[in-house]
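Hi there,

I'm passing a structure on to you, and I hope you enjoy looking through it. Please open it first, then read my notes below.

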Amino acid sequence: MKFGNLVKIGLSFALLLVLTACSSDDEVTKNKEKNEVNLAYVEWDTEIASTNVVGQVLEDLGYGVTLTPLDNGIMWEALAKGEVDGMVSAWLPQTHAPQVEKYKDRIVDLGENLAGAKIGLVVPSYMDVNSIEDLTDEAGKTITGIDPGANMTATTENAYKEYSNLEGWNVVTSSAGAMTAALTQAIAKNEEIIVTGWSPHWKFNAFDLKYLDDPKGIYGAEEYIGTFARKGLKEDNPGAYSVLKKFHWTPEDIESVMFDIMKGTDPKEAAKKWIKDNKDKVSEWTKDAK
């Protein structure tokens, strides 16, 4: 065989090795991308608990999981743009109805993950009011709210349009954590306080609270919490999609996780504890994802 032919064969073989390596690297990259899951959530106690549990379940299956806290409006926009893979934080049929309507053609509804949710105005049971219509000048005509981007905040800020007795009232916005801190402090001093509240939530385990009746129905009836995914997740990552689709638990489940977090347990550790104690339930979520 001539030397020139040996050189050509050698170069061809080297090129083949390079192409094979590049192809292998591309495949590894694609597989890695398929094993990466980014879940968005709003920093409400319920969503911190649920997102950490789902994230830990996926992590236990071998996925690289990122949990991304976002403002409510930004969360929905990020999902619609495909910047995150999914979320388990949709309050329906009323609270997040505007976002679902806005992005319905760009997101995938995976259904309910928790039934029996509720939102409204909440007060300590020692306060002598039982309805929104009973409010006059309690708590300095102030309602302690959560983040400005929450639909519940917008509903509360516009409550005076339905309840004339709330004309001139003020809604203080901050965060869910600040709201529960204010509630805790007020109850310790036996003071009046009105907060925007929701259940399930650990505060109902910790304190004697009551919802104010809402005869005009501005906060809607009983709600559920739902799961949504970005378009294409089912095709790109069927295992993760299956877990999100099957994820379902009860108010008692989520409240136990929230209560542990409230007592100081790291959310990830609280999620691990719940998963360890509920293997049968988790196995139902993961049986088609392994």
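Here is what was found in it.

This is a predicted model, in which local features need pLDDT of at least 70, side-chain atom pairs count only at pLDDT 80 or more, and totals for chains, interfaces and linings use all residues. Residues are numbered from 1 along each chain as its sequence is written, and side-chain values use heavy atoms, with hydrogens and water left out.

Let's begin with the overall picture. The protein chain has 12 helices and 9 strands; these are DSSP runs numbered from the N terminus, with helices being H or I of at least four residues and strands being E of at least two. Of its 290 residues, 44% are buried (under 20% relative accessible area, with exposed meaning over 50% and partly exposed in between, using a 1.4 Å probe and protein chains only). Looking at contacts (heavy atoms within 4.5 Å) between residues at least 6 apart in sequence, 82% join residues at least 24 apart.

Now follow helix α2 (residues 45–60), whose axis comes within 8 Å of the axis of helix α11 (residues 267–277), crossing at roughly 65°. Axes are lines fitted to C-alpha atoms, for helices over the stretch in contact, and angles run from 0 to 180 degrees between N-to-C directions. α2 and α11 are therefore roughly perpendicular (65 to 115 degrees). Where they meet, the residues include Ile 48 and Val 53 in α2, and Ala 271 and Trp 274 in α11.

How do α2 and α10 cross? The axes of α2 and helix α10 (residues 251–262) come within 9 Å and cross at roughly 105°, so α2 and α10 are also roughly perpendicular to each other. Ile 48 and Val 53 are among the α2 residues in this contact, and Ile 254 and Met 258 are among those in α10.

Finally, find Leu 183 in helix α6 (residues 176–188). Leu 183 counts as buried because its relative accessibility is 0%. Beyond its neighbours within four places in sequence, Leu 183 contacts Ile 193, Val 195, Lys 203, Phe 207 and Leu 209.

Happy exploring!

Methods:
Angles under 35 degrees count as roughly parallel, over 145 as roughly antiparallel, 65 to 115 as roughly perpendicular and the rest as oblique.
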